Amino acid sequence: MESKRLKKIPEQVVIPLKQHRGTVCKPLVKKGDQVLIGQKIGESVSYNSSDVHSSICGEVVAIEDAPNPDGNKVLSVIIKTTDSQETVAFVPKKNPSSEDLLAIMQDAGIVEHYGAPTHTVIRPEGKKIDLVLINATASEWIGGKYATPKEYATQMLDALKLLIKASGAAKGAVVLRKDDKESIEAFEGVQVNGKALKVAPLLGTRRLGHYFKDQGSNIIVASQERIYGKNILSFFTHNVTGRKVPVGCNPTDVGVAVCGVKSAKALYDAVHEGKPYYETVITLEGDVDCPKFMLVRIGTPFKDIIEECNFNGEIGKIIANGVITGVAQYTDEVPVTKGTTRITLLTKEQVLRDESLACIHCARCVDACPVSLLPTRLAVMANQGRFDECRQMHIHFCIECGRCSFACPSKIHILQLIRYAKSAIDNAYEDAVQKESSNLKVGCCGGE
Ligand code: SF4
Ligand code: SF4
């Protein structure tokens, strides 16, 4: 698999002081300051926050609100590049304790791609974690950050051990995608706890618990179908562990910490190299003349990446984080952040401008829904503002995968209508989630 580091060093980077859910970081620099690569420029002011670092060597030219790929403006440190490529001294950490590991995660600015600071997932306040998962179903072995697939496998397993130690959990698993043959081969045979590892396919009703017992190990690697969508964590947790996550809760409420490949790798680098999280691998989609995966500095404006990747045609739309669940950008000045996973470029001809037609009741959206909702009914009710009925039909179970919209021959904007209803419900009923959770009777069931 081909990948490369973005050659061009951006003339200027825009580093948001909030690249996570939680409180915005306090700036540690001011206009006119010189900063080095890896220097901390924003500090957490609460547990629910994660530090930010400079990805270039340069001069701070402004600290101001700047466009962000999520569509909002976010307080950001804008740094103009100088010729130097000097980094701060990276100091590896030897034999860190569990408390040290949590501090390292926050200090190195490690954040899950969905926004949660990793230390809050691993050690959530007031909750106990007993199982750590690395969800590698959306990632392939990514050459930009690893020399070989085997290196990827060994580093992921090492990172999993660190995450288990930090969380105090008894067990952990890496979950691969069933069709990601290269990664499966890479993990097969790696020595864990003195045994050669065997990747377990999650078949039928067998969940991770079965394989923990079967393999007699507290660390296993499993494979399953790819699950995609914006809110997949609860669905993913249920699929691989059998534990149901109540509406409005997250996997940590049932004792499961779900981390991604990027944050696991960032922890590995922070511990073994002392390197903070200031660069990330993104996927490029569209008719471009460059590798699919690129290693870029956090804060790099999209326009610098687009310039280097030689897009064929006239750009009609730029989308961050996927065509189905992502956000279309109004400017190419937005920066890559810790939450950026992919950039999609569409030509003017590729941008769909079809009008929605009437529903023909074909039920393709129903067949497509992985969580057994009735998207067609939800769309109608959302469109008519019948939000109570949307709640009764469990709209909050929607993982926002967009399969219903994709399947719909009438081009009805089902996902957008569902999102609209979900956000209207959240705004209208602050206590909606608790009420719904008790009605649904899907409490934490435990068991794997
Ligand atoms: S309703 Fe649509 S977007 Fe939501 S989970 Fe079902 S198919 Fe995916
Ligand atoms: S796929 Fe579209 S047309 Fe078919 S039932 Fe669903 S909403 Fe209606």
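Me: Where in the chain is Cys359 placed?
Reply: In this predicted model, Cys359 sits in the loop that runs between β20 (342–347) and α9 (364–368). Cys362 belongs to the loop between β20 and α9 as well.

Me: What makes Cys359 partly exposed?
Reply: Its relative accessibility is 31%. Buried would need a value under 20%, and exposed a value over 50%. Cys359 falls in between, so the label is partly exposed.

Me: Which residues does Cys359 contact, leaving aside its neighbours within four places in sequence?
Reply: Thr376, Ser410 and Ile412. Contact here requires heavy atoms within 4.5 Å.

Me: Which residues does the UniProt annotation "binding site" cover together with Cys359?
Reply: According to the unreviewed UniProt entry, the annotation takes in Cys359, Cys362, Cys365 and Cys408. These positions are spread over 50 residues of sequence, yet they cluster in space, with a largest C-alpha distance of 10.6 Å.

Me: Which residues come nearest to ligand 2?
Reply: Cys359, Cys362, Ala363, Cys365 and Cys408, out of 13 residues around the ligand. To belong to this shell, a residue needs a heavy atom within 4 Å of the ligand.

Me: How is the shell around ligand 2 divided by class?
Reply: There are 9 nonpolar, 3 polar and 1 charged residues. Cys counts as nonpolar in this scheme.

Me: Which residues fall under the other "binding site" annotation, the one that includes Cys369?
Reply: The unreviewed UniProt entry lists Cys369, Cys398, Cys401 and Cys404. They are spread over 36 residues of sequence and still cluster in space, the largest C-alpha distance being 10.6 Å.

Me: Why is Cys369 called buried?
Reply: Cys369 has a relative accessible area of 16%. In the chain, Cys369 is part of the loop between α9 and α10 (375–383).

Me: How do you know that Cys398 is buried?
Reply: The relative accessible area of Cys398 is 9%, which is under 20%, and therefore the residue is classed as buried. Cys398 is in the loop between α11 (387–392) and α12 (403–407). Not counting residues up to four places away in sequence, Cys398 touches Asn231, Val371, Leu373, Ile418 and Lys422.

Me: What makes Phe387 and Tyr420 an edge-to-face pair?
Reply: Two values decide this. The ring centres are 5.7 Å apart, and the planes make an angle of 75°.

Me: Why is the Phe387 and Tyr420 pair said to tie together parts that are apart in sequence?
Reply: Phe387 is in helix α11 and Tyr420 in helix α13 (residues 414–428), so the pair joins parts 33 residues apart in sequence.

Me: Are Phe387 and Tyr420 buried or partly exposed?
Reply: Phe387, at 18% relative accessibility, is under the 20% limit and so counts as buried. Tyr420, at 46%, lies between 20% and 50%, and therefore counts as partly exposed.

Me: Which residues do ring pairs link into a cluster?
Reply: Tyr146, Tyr152 and Phe187.

Me: What covers the buried residues of α1?
Reply: The cover includes α2 (118–122), α3 (149–167) and α7 (261–272). In α1 (residues 98–107), the buried residues are Leu101, Leu102, Ile104, Met105 and Gln106. Just after α1 comes Gly109, with a positive phi of about 70°.

Me: Which element of the protein chain has the lowest mean pLDDT?
Reply: Helix α14 (residues 432–440), at 47, whereas strand β6 (residues 52–53) has the highest, at 98. For the whole protein chain the mean is 89, and 93% of residues reach 70 or more.

Me: Where does pLDDT stay under 50?
Reply: Over residues 437–448, for which the model has 32 contacts beyond four places in sequence. Where pLDDT is low, predicted coordinates should not be read in detail.

How values were computed:
Residues are numbered from 1 along each chain as its sequence is written. Chains are lettered from A and ligands numbered from 1 in the order in which they are written. This is a predicted model: local features need pLDDT of at least 70, side-chain atom pairs count only at pLDDT 80 or more; totals for chains, interfaces and linings use all residues. Side-chain values use heavy atoms; hydrogens and water are left out. pLDDT is the predictor's confidence in each residue, from 0 to 100. Helices (H or I, at least four residues) and strands (E, at least two) are DSSP runs, numbered from the N terminus. Buried means under 20% relative accessible area, exposed over 50%, partly exposed in between (1.4 Å probe, protein chains only). UniProt positions are given in the numbering used here, feature names are shortened, and annotations may be inferred rather than shown by experiment. Rings of Phe, Tyr and Trp (its six-membered ring) pair if their centres lie within 6.5 Å; planes under 30 degrees apart count as stacked, over 60 as edge-to-face and the rest as tilted.
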